Amino acid sequence: MEIWSLRDFELTDQTGNPISLKTFENKILVTNFFYATCPELCPRMNNNLRLAVEAFKDDPEVAFLSHTVHPEHDSVPVLAEYAKKYNYAPDKWYFATGFKHEIYDLAINHYHAAAPSPDGKYDFIHSTMAFLVDKELRIRGYFESHNNPTFATDVKNGIKGLQAEYAIKEKKANDQKR
């Protein structure tokens with residue numbers, strides 16, 4: 001798999017606070033795209049993602065970020081209400097809105113989460129994928145949520161795999177200092 005890096009962004013979370021990549025500095029990040037009025041796929045994906053959030057709720061090096069693809073509707077109050085449905089952990093799971101062009105640029109050009117319609121346009125992005133981002137802001141994995149009964153477990157295992165990788169790097173660095 002080719003490794004893609006994220007570019008910085010300026011979005012607003014469900015509490016009205018600005019967020020950027022600096023918000024997630026030195027964190028393992030799991031991201032996805034959704035919209036609050038989605039009738040089936042997004043609620044199922046976020047409900048399963050909630051299980052991963054719960055597993056890492058006390059781990060300060062792990063965060064979750066859900067980008068709305070319908071920012072015209074998904075205002076800060078809408079996202080705040082949506083977040084309550086999933087018993088989100090404050091400062092753990094961010095539901096983000098912003099300018100449509102900013103979110104779509106991230107989805108298309110950085111996460112590679114979208115395919116164009118037959119006319120080559122990206123009128124509406126609907127992805128059932130979650131993305132694993134390392135502390136260097138590189139996308140290291142992706143997880144399909146649709147019809148995947150192991151989605152939450154896959155996400156948790158992806159996070160644990162990155163944590164193990166960082167632990168090995170840290171041990172090697174400490175061993176070299178001796």
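## Two helices crossing

Helix α1 passes helix α4 in a right-handed crossing, meaning that the near helix is turned clockwise from the far one by less than a right angle. α1 covers residues 41-55 and α4 covers residues 151-177. Helices here are DSSP runs of H or I with at least four residues, and strands are runs of E with at least two, numbered from the N terminus. The two helices pack at an angle of about 40°, with their axes 8 Å apart. Axes are lines fitted to C-alpha atoms over the stretch in contact, and angles run from 0 to 180 degrees between N-to-C directions.

In α1, M45, N48, L49, L51, A52 and A55 meet F151, A152, V155 and K156 of α4. Contact means heavy atoms within 4.5 Å. By class, this contact has eight nonpolar, one polar and one charged residues.

## About the model

This is a predicted model, in which local features need pLDDT of at least 70, side-chain atom pairs count only at pLDDT 80 or more, and totals for chains, interfaces and linings use all residues. Residues are numbered from 1 along each chain as its sequence is written, and side-chain values use heavy atoms, with hydrogens and water left out.

## A covered strand

Strand β7 spans residues 129-133, and five of its five residues are buried. Buried means under 20% relative accessible area, exposed over 50%, and partly exposed in between (1.4 Å probe, protein chains only). M129, F131 and V133 point one way from β7, while A130 and L132 point the other way.

β7 runs antiparallel to strand β4 (residues 28-34), joined by four bridges. Strands pair if DSSP finds at least two bridges between them. L29 has V133 as its bridge partner in β7. β7 also pairs with β8 (residues 138-144), antiparallel over five bridges. There, V133 stands opposite I139. β7 and β8 form a hairpin with four residues between them, and L137 in the turn has a positive phi of about 65°.

## Salt bridges

The count comes to 14 salt bridges. Each is a side-chain nitrogen of Lys or Arg within 4 Å of a carboxyl oxygen of Asp or Glu. E102 pairs with R7, the closest N and O atoms being 3.2 Å apart. This pair links distant parts of the chain, 95 residues apart. E102 counts as buried because its relative accessibility is 16%. R7, at 24%, counts as partly exposed.

E165 and K169 form a salt bridge (3.7 Å, N to O). Both lie in α4, four residues apart. A network of salt bridges links D134, E136, R138, R140, E165 and K169.

Definitions and conventions. Nonpolar A, V, L, I, M, F, W, Y, C, P; charged D, E, K, R; others polar.
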